[in-house]
Amino acid sequence: MHRILWVVVAIAFVVGLVVPSDSRQARPEECPPRDTRVVAPYAVTGYWVIPRADPCVTRRMVEAIHAIGGDTLVTFGPRFSVGSEPGCVVEGRPCADVPGVRHVYTYVTSEEFGPGLLRCPGIDRRIESDGRIFYRVSLATFCDARVHDVVIVATDGDGLGNLMTEAAAHGMAVYPGLPAAPQLASKPWEPDLAHLDALNAFTARVLADYRDRLGAPFAGVYQSFELAMRKRSAKDPIISLYAAQHAVVASTLPGKKILVSPYIDARRGRGFPPDQVETGMADIAGTRAGLPMAIAVQDGRGTGKVPVYAINERDSRVEARLVPVVGDVSYGQAYYGSTRDYIAAAARRVPPGVELWVNVEGFEPTQVAGECGRVEPLPLRGRPSKGRLDRQVMAVGPDAQKIISYGWEPFFTCQARYDTPSLADDIMREWQQPIIVNAAAKEMNGRPGVVVEGYNLRGGTLRFGSQVIEQEWHGRQGRLESAWAPYVPTGPFTSITLTNEAGQTNTTPYVMP
């Protein structure tokens, strides 16, 4: 779901739609003072963001994410593209016009690099051309080589640097995207491995620059090239890309974490059943080259590839927002299973050195009238409700070590009209709503009962069906809370409603056997 974004950004830059780097930008000291409070901690704690050249825009964005409990920021990796340079001219000559050039690559980004990117005097240069900043970088092993592959880097400002500055002030972690591999023209979902050596050489140069310049917020890197978390062939090209590029990360940034966000697809006839998830996860983990890895499984609800429904709803009709994707049929007819089935399958055997995260997709498959969302790039995507996002968190259950979301802009920030709240506004207002993610029978001091896990559970009552019982115990492990009540299930399915000490109420669609 991410690949198209950077293509559009690159095209915009080439045709001159990106603001030139010499345009007036505010200095950090001119921005409003930071507010570093967390005022509405929500279950989602990380977001994909777009680096901004304006430091004040960046400050407001990071402040808003931190205010609702965000502690992690992820950026996409710009595309390492094969082809002509984006308008870089020096003294009337193209920037790549140097002796011995074999291939020219382009890299359109929103960051300014340090001197470590430039290694070969006379070839590698930082260039200002028509008010924009470019870098010319040779990928040759030796600077006096007769043949050079050259990368022309174009930037619209130091968006990543601004992001790092604000993240440091808020105690947040940042995962910049690795340079994204070029795609096969005939199969854009696959990497063009003919240029893998050049990609790896450039990746090593960029990461060495990060190692030397970026401070504490730099927690690791995000692998931008997508793949499905299913059983894969022995010579899968994306796994080959991962293994090669992650080896570069391990040699350049020992100890840093690699973040990967594979997708799942439960659609019958097009997707795959949950029993393939475990093997797919193991294949991805096999590329981590000894580094810690977080596998943030895309939950699939935003694209409509995976639904959110309870075990007793399998024969119910799919919700209206999924009909354009799979038709007006039942969940069982359309899908192999629910998000909960796939995440539970992934959690059954998490490989050593891997953390299981979940990426709850913060968008709808299509837009409806009067709804804001993403207009470009296609396909159109709509804005979800806070209640629907809560249900996605419920579907993840207790299995995820961390929940993150794609993506902050525009889905959490857009407004249908200036006077309507954004999704971020709704979270700020309704953050105390309890979210139940799991329930199980548990004895307490020899008494039978039920323990409920989730968020914002403290105090109040638990209702099992129509029976209301006061909570007798409350605990916390990490971000998940637990509440216990002396209740013995009396039927095959029991819905659970929790009212917390703030007077907020929520009912889980996940019923207890």
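Predicted model: local features only at pLDDT ≥ 70, side-chain atom pairs only at ≥ 80, totals over all residues.
**Exercise 1. Describe the link of Cys 31 and Cys 56, and determine which parts of the chain the pair ties together.**

*Solution.* Step 1. The sulfur atoms of Cys 31 and Cys 56 are 2.1 Å apart, and the two residues form a disulfide.

Step 1. Cys 31 is found in the loop between α1 (3–14) and β1 (46–48), while Cys 56 belongs to helix α2 (residues 55–67); the pair therefore ties together parts that are 25 residues apart in sequence.

Step 2. The angle about the S-S bond is -95°, and the link is left-handed.

Step 3. Buried means under 20% relative accessible area. Cys 31, at 7% relative accessibility, is therefore buried, and Cys 56 is buried with a value of 9%.

**Exercise 2. Determine the handedness of the link of Cys 88 and Cys 95, and decide whether each of these cysteines is buried or exposed.**

*Solution.* Step 1. Cys 88 is joined to Cys 95 by a disulfide, with an S to S distance of 1.7 Å.

Step 1. This link of Cys 88 and Cys 95 has -65° about the S-S bond and is left-handed.

Step 2. Cys 88 has 2% relative accessibility and so counts as buried. Cys 95, at 1%, also counts as buried.

**Exercise 3. Locate Cys 372 and Cys 414 in the chain and characterise their link.**

*Solution.* Step 1. A disulfide is formed by Cys 372 and Cys 414, whose sulfur atoms lie 2.1 Å apart.

Step 1. The pair links distant parts of the chain, 42 residues apart: Cys 372 lies in the loop between β14 (354–361) and β15 (373–374), and Cys 414 in the loop between α11 (408–412) and α12 (423–430).

Step 2. With 65° about the S-S bond, the link of Cys 372 and Cys 414 is right-handed.

Step 3. Cys 372 is buried at 12% relative accessibility, and Cys 414 is buried at 11%.

**Exercise 4. Describe the largest cavity and its lining.**

*Solution.* Step 1. Two cavities of 30 Å³ or more are present in the structure.

Step 1. The largest cavity holds about 80 Å³ of space.

Step 2. Its lining consists of 12 residues; nearest the centre lie Pro 51, Thr 75, Phe 76, Thr 109 and Glu 111.

Step 3. Sorted by class, the lining of the largest cavity comprises seven nonpolar, four polar and one charged residues.

How values were computed. Residues numbered from 1 in each chain as written. Heavy atoms only, no water. 1 Å grid on protein atoms, 1.4 Å probe; cavity = no way out; pocket = protein on both sides within 12 Å on 5 of 7 lines; lining within 4 Å. Points joined across faces, edges and corners; volume = space filled by probe spheres on them. Nonpolar A, V, L, I, M, F, W, Y, C, P; charged D, E, K, R; others polar. Disulfide = S-S within 2.5 Å. Helix = DSSP H or I, 4+ residues; strand = E, 2+ residues; numbered from the N terminus. Buried < 20%, exposed > 50% of the residue type's maximum accessible area, 1.4 Å probe, protein only.
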